[in-house]
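This briefing starts from a single residue and then widens to the chain as a whole. Please keep the sequence and the structure in view while reading.

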Amino acid sequence: MTFDLPDSLILNTALSVSGLTDYIRLLLEQDQQLRQVWVTGEVSSANPHRSGLFFTLQDTDRTAGIKCVVWNSQLPKLAQMPVPGEQIIILGSIRVYPQRGEYQLSVWQTLPAGVGLQALRYQQLKNRLLAEGLFDPQRKRSLPIHPQTIAVVTSPTAAAWGDIQKTLKQRYPGLHVLFSPATVQGEQAPESIVKAIERVKNDGRAEVLILSRGGGAVEELACFNDERVVRSLACCSIPIITGIGHQRDESLADLVADACVHTPTAAAEVVVPALSELYAEHRGRVVILHEAVDDFRENAEKKLQVLRNRLRRLRLDRQVQQEVEKLSWKRRQLVQVTMGRSQQATQHLELLRQKLASLDPKAVLQRGYAVVRREDGAIARSAAELAVGEDLLIQLGQGGVKVKVMELTNRQDAKDAES
């Protein structure tokens, strides 16, 4: 079969090999999806070279394959080295090589298949949250020592809830437990956990919160690596402890929580003390206190004995006795002087009394004299002062009499005597 085509048409439409190759290269290398593409498959061969590692990635049913290369500069950055027979996920870009008319995948990163992509996303989110400071130890709060009310967020049908209840009841009877149910597995789990935490915050009674679930596969625990859950824990005003049943890797929820353990039972054991342990600690403190008191008393007695010995050496008791004797002697002296002066004062007082008695007008009256007083009480000293008919009062040694002047005698003589 032949085609009759004009020569001009052939010349105008024909491409060189390089032109066709360049066109294909532009199509492939400029395609946005192919410039950063994830590809999963099985490594069928791997050939180290001085410039890098060359290998082929093919489907498990071997229906298709693609050549790949990891340059030496990128090899140390790989999370998973390509090994023949292993399933991996590759991140790379398509490159065309005109000399051979081939294309291959230039690899930037390789991850284990299955959980590889999830692990990458986990690491990227972890790095971003770490840069924001959500995992800093300085922002973590200490759990209350003796909480009276705690909250638990988990599935109501999970064994974790039963384990927590049993442990709390055994360790701290009478504790008030608030249960905020949540779905802890599946696509609805992150939103459910966030709402359960919000309920506890809005209630405001809980002093500490337990976020928990039992063990499970990595994909079953994915909700605890969800950004919504992590940020909800970071913003919670209540101290949080996680008890998620896994031990291989920490979840992002564990990293952001104030404390984390690997099982629900362990979370309940950490969040409250055991009353039996508290009693034992109390008894231990009582014993230590008694020992301290005994030691203090013994030390005090030893110090007192040392002071007693020092007093004996200083003979202060003899000095005190000498001072007492001096005081006693001075007291006797003071008593003697005081008694002597008292006797002198008594004698002088007696002399004054006798002298006063001798001057007492009543004593004169007792000897037969009388005192004549006028009506105004003045003493009549001369007859010249008196008048006939004037009443007088005569005071005798014993009593007195009232008289009336009947006659005045020697009145002039009295006046002369008076003058």
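In this predicted model, Arg62 counts as exposed because its relative accessibility is 57%, and the cut-off for that class is over 50%.

**Arg62 and its loop**
- Arg62 is found in the loop that runs between β2 (52–58) and β3 (65–71).
- The backbone of Arg62 has a positive phi of about 60°, although this residue is not a glycine.

**A nonpolar patch on the surface**
- Leu15, Leu20, Tyr23, Ile24 and Leu27 form a nonpolar patch on the surface, and together these residues have about 510 Å² of accessible area.
- One member of that patch, Leu15, is placed in the loop between α1 (7–13) and α2 (17–29).
- Leu15 counts as exposed because its relative accessibility is 62%, where the class requires over 50%.

**The protein overall**
- The secondary structure of the protein consists of 13 helices and 13 strands.
- Of the 419 residues in the protein, 29% are buried.
- The protein exposes about 27900 Å², and 55% of this area is supplied by carbon and sulfur atoms.
- When contacts between residues at least 6 apart in sequence are considered, 60% of them join residues that are at least 24 apart.

Definitions and conventions
Residues are numbered from 1 along each chain as its sequence is written. This is a predicted model: local features need pLDDT of at least 70, side-chain atom pairs count only at pLDDT 80 or more; totals for chains, interfaces and linings use all residues. Side-chain values use heavy atoms; hydrogens and water are left out. Helices (H or I, at least four residues) and strands (E, at least two) are DSSP runs, numbered from the N terminus. Buried means under 20% relative accessible area, exposed over 50%, partly exposed in between (1.4 Å probe, protein chains only). Contact means heavy atoms within 4.5 Å. Accessible areas come from the Shrake-Rupley method with a 1.4 Å probe; for residues, only the protein chains shown count as cover. Patches are made of residues with over 30% relative accessible area and no salt bridge: like charges are joined within 9 Å, nonpolar side chains (Val, Leu, Ile, Met, Phe, Trp, Tyr) within 5 Å. A salt bridge is a side-chain nitrogen of Lys or Arg within 4 Å of a carboxyl oxygen of Asp or Glu.
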